[in-house]
Amino acid sequence: MPITKTDLDVVALTQEEYSIIVERLNREPNSVELGMIGSLWSEHCGYKHSKELLRLLPSQSPLLIVSPGTENAGVIDIGQGLAIVMKIESHNHPSAVEPYQGAATGVGGIVRDIFAMGARPIALLNSLRFGLLSDPRNRYLFNGVIGGISGYGNCLGIPDVGGEIYFSPSYNTNPLVNAMCVGLVEKDKIIKSQAGGADNLLMLVGADTGRDGIHGASGLASRSFEEERELRSTVQVGNPFLEKILIEACLEIAQTDHIVGMQDLGAAGLTSASIEAAANSGVGLVIDVSKITRRETGMNPYDVMLSESQERMLIIVKQGHEKFVEAIFEKWDLHPVIIGQTTDDSIARIVDGKDMVAELPVKLLTEPPLYRLNGVKPSWQENLQTFNFDELDLWDGGPKSGFLRLLESPNIASKRLVYQQYDYQVQTNTVIQPGADAALIRIKGTNKGIALSTDGNGRYCYLDPYIGGAIAVAEACRNVVCTGASPVAMTDCLNFGNPEKLDVYFQLEMAIKGITKACNALNVPVISGNVSLYNESDGEPIYPTPILGALGMLQDVSRHCTIHFKDEGDVVVLIGANSIDQDATALSGSEYLELIHGIVAGKPNIDLELEKRVQNLCVAMIQKELCKSAHDCSDGGLLISLAESCILGKIGFKGKIDVKGRWDSALFGEVQSRIVVSVDPNNLNNVKRLAKEMNVPIIELGIVSGDSVMLDGVLDVPLTEVSKAWEGGLASHLQ
């Protein structure tokens, strides 16, 4: 039967792309071949609209062990024969359809990317976005996603140590669920996604193959939502207990000399796993789908090759070593099966017993057409960027009321209600727990520690994607340096709308260029990541939301810093400024401006040279033990940062800030490149000298003292009232 437009729509291919396939094959593909090509040419697997842009990202570092984009995750050398493996990726579309399983299998998938490289997963983080909680559907999505993350992650014995959660109408019905995982591996034990030479064996192990997830890559993750389409069948179902066994078995096998490579079955299932491994080694393969154990009746070769059933791994075993590998898996009560072998002709052949069901050049599958469009700046953006702040009246509610309302905002309020559902102490390495600027994990057997953070502000990127992308990098790194760690690597997850729309493509391109600018300025490479496009509902895209995960290194984990104030009489200093900005433009894209005035407007700004000096100063101060606390000044502005340090330290603040101009800008403006630190008075002169040497402006704000947050002549709010608003804010929006 001839291929129809409906057939192409199912696998997210255009008529033009189909013509390219026919030309390259010199014939029409059959249904199995079309499904395989559609999956690997999908945006999710093939990066058709993003690969050319992603090449702009800086990816060079003397600490890099594998080239970015060539393996399941990035790898950074941390010394003493050890390396960190890290990656962040999305499970947005599945979570919008089935939030519990979508989020759960997102965790499972990112964990498999890490242990597929022979690394033991040691930490999880999550970056989440939801619509406003006043909508019952958004509350359902929120509760389902949190339940899926905790329900799956807690079973694996991997601590969930950090992340972020934001809410905006932009994410109504289209939540963002980005999961990050970090693993630890000996440098000489890294396993790669490769098939080696000819005659190596392809072994499938883990769950039986079902119909769940078919067209997950090509259908669900590579097109916009359409209300009339039933998508639930494209969401995978997870089994965390099986995944835990897989982790231990695969890590044991990784220590042997019996295998050539390992690959997890994620997006596009067996098709992607096998073809990518073959392509990485320049070989072909033969797979016999009749050998694959199935948990449903009536499955055909198409179903088997495109199934995204979870908890499955492809092991490339050396010829003659299969009995040793099988014995290890059997010990863990896993039952592997040999499903094929590699060949020397670069052709992928799929057979069903004696019947040939697909025969395709590997290169055809892995080389989709790439698109480099000319993005167009949306006309509405200029109007927002030139918003006249001179016409913005001071809110008549006053500083105290604005302060308490911000503390109660779900974007600023404590997320304890969420992270208390996660096991963040398992493995006993967590030094700084969730709720801080960044998590801190010790590396057992060494003095080292790693700091981890995720960051991204869709509102900033909506107003200016270039500056927003740069700020996402800067804030993720700034969070890390507040622990005393030096940033060494980034992983990114780029969440955008339909890239075929020129205004969305403009956002994607500008955000990547902004990320590139900031990474170069701060000398941190992007070593891994993921792109999630087509995040739209009813034709409306989400805010452009690049999420950056930062990794920082501490040579001595005992010499770290936390965000809470410690002792009565300590001096509170703001580094990165010598005055408090009272220009109303400081409210650009701020939480205050949207929450109080209902306005999203302005043009965010950042000085990356100042940012670099501020971060270097913060690390130097902590390593020289000159400060007792350090807290990034970001969402909600200066007063919110001061309040959070008070709340977590259970001690007040007394200060004086000149607000003869605009109190809203002074207190709640989200000026970048600022960190609030507390200093023993005896160290204040040393701090001033160091700041002068490093060319960083600083200003004294006041002292740690009392049981209230007090700014002379502006406000004086009891700490009990401040804490109640912040601690109970999120729960109040879920009622």
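Cys646 is buried, at 0% relative accessible area (buried means under 20%, exposed over 50%, partly exposed in between, with a 1.4 Å probe and protein chains only). The model is predicted, so local features need pLDDT of at least 70 and side-chain atom pairs count only at pLDDT 80 or more, while totals for chains, interfaces and linings use all residues. Residues are numbered from 1 along each chain as its sequence is written, and side-chain values use heavy atoms, with hydrogens and water left out.

**Cysteines**

- The disulfide count is 0 (a disulfide is a pair of cysteine sulfur atoms within 2.5 Å).
- Cys646 is in no disulfide, and its nearest cysteine sulfur, in Cys633, is 13 Å away.
- Cys633 is buried too, with a relative accessible area of 1%.

**Ser634**

- Ser634 sits in the loop between strand E22 (629-632) and helix H23 (638-649). Helices (H or I, at least four residues) and strands (E, at least two) are DSSP runs, numbered from the N terminus.
- Ser634 is buried, at 12% relative accessible area.
- Leaving out residues up to four places away in sequence, Ser634 touches Glu475, Ser641 and Glu670 (contact means heavy atoms within 4.5 Å).

**Five-stranded sheet**

- An open sheet of 5 strands runs in the order E1-E2-E5-E3-E4, with mixed pairing (two strands pair if DSSP finds at least two bridges between them).
- Strand E1 (74-79) and strand E4 (160-167) are the edges; each has a single partner strand, so one side of each lacks a neighbour in the sheet.
- Neighbouring strands of this sheet are turned by 15 degrees against each other on average, direction ignored. Axes are lines fitted to C-alpha atoms, for helices over the stretch in contact, and angles run from 0 to 180 degrees between N-to-C directions.
- E1 pairs with strand E2 (residues 82-90) in the antiparallel sense, over 5 bridges.
- Within this pairing, Gly79 stands opposite Leu82 in E2, and Ile76 stands opposite Ile84.
- E1 and E2 make a hairpin with 2 residues between them.

- Most residues other than glycine have a negative phi.
- Gln80 has a positive phi, near 55 degrees. Gln80 lies in the loop between E1 and E2 and is exposed, at 58% relative accessible area.
- Asp199 also has a positive phi, near 75 degrees. Asp199 is in the loop between strand E5 (176-186) and strand E6 (201-206) and is partly exposed, at 40%.

**Seven-stranded sheet**

- The order of this open sheet of 7 strands is E7-E9-E6-E10-E8-E11-E12, and its pairing is mixed.
- Strand E7 (259-264) and strand E12 (355-361) stand at its edges with a single partner strand each, so one side of each has no neighbour in the sheet.
- From one strand to the next, the twist averages 20 degrees.
- Strand E11 (residues 347-352) and E12 pair in the antiparallel sense over 6 bridges. Asp352 has Asp355 in E12 as its bridge partner.

**Nonpolar core**

- The largest nonpolar core has 61 residues. Such a core is a set of buried Ala, Val, Leu, Ile, Met, Phe, Trp, Tyr and Cys residues joined through side-chain atoms within 4.5 Å.
- Which residues touch the most other members of the core? They are Val111, Met313, Ile315 and Phe329.
- Helix H10 (residues 240-254) gives the most to this core, with 8 residues.
- Beyond residues up to four places away in sequence, Met313 touches several residues, including Phe115, Met203, Leu246, Cys250 and Met262.

**Helix H11**

- H11 (residues 269-281) has 13 residues and reaches 19 Å from its first C-alpha to its last, close to the 18 Å expected. The expected span is 1.5 Å times one less than the number of residues.
- Among the buried residues of H11 are Gly269, Leu270, Ile275 and Ala278.
- Gly282 follows H11 and has a positive phi, near 70 degrees.

**Gly569**

- Gly569 is in the loop between strand E20 (545-554) and strand E21 (571-575).
- Is Gly569 buried or partly exposed? At 29% relative accessibility, Gly569 counts as partly exposed.
- Gly569 touches Pro681, Ile703 and Val704, with residues up to four places away in sequence not counted.
- Gly569 and Ser290 are 279 residues apart in sequence and 74 Å apart in space, C-alpha to C-alpha.
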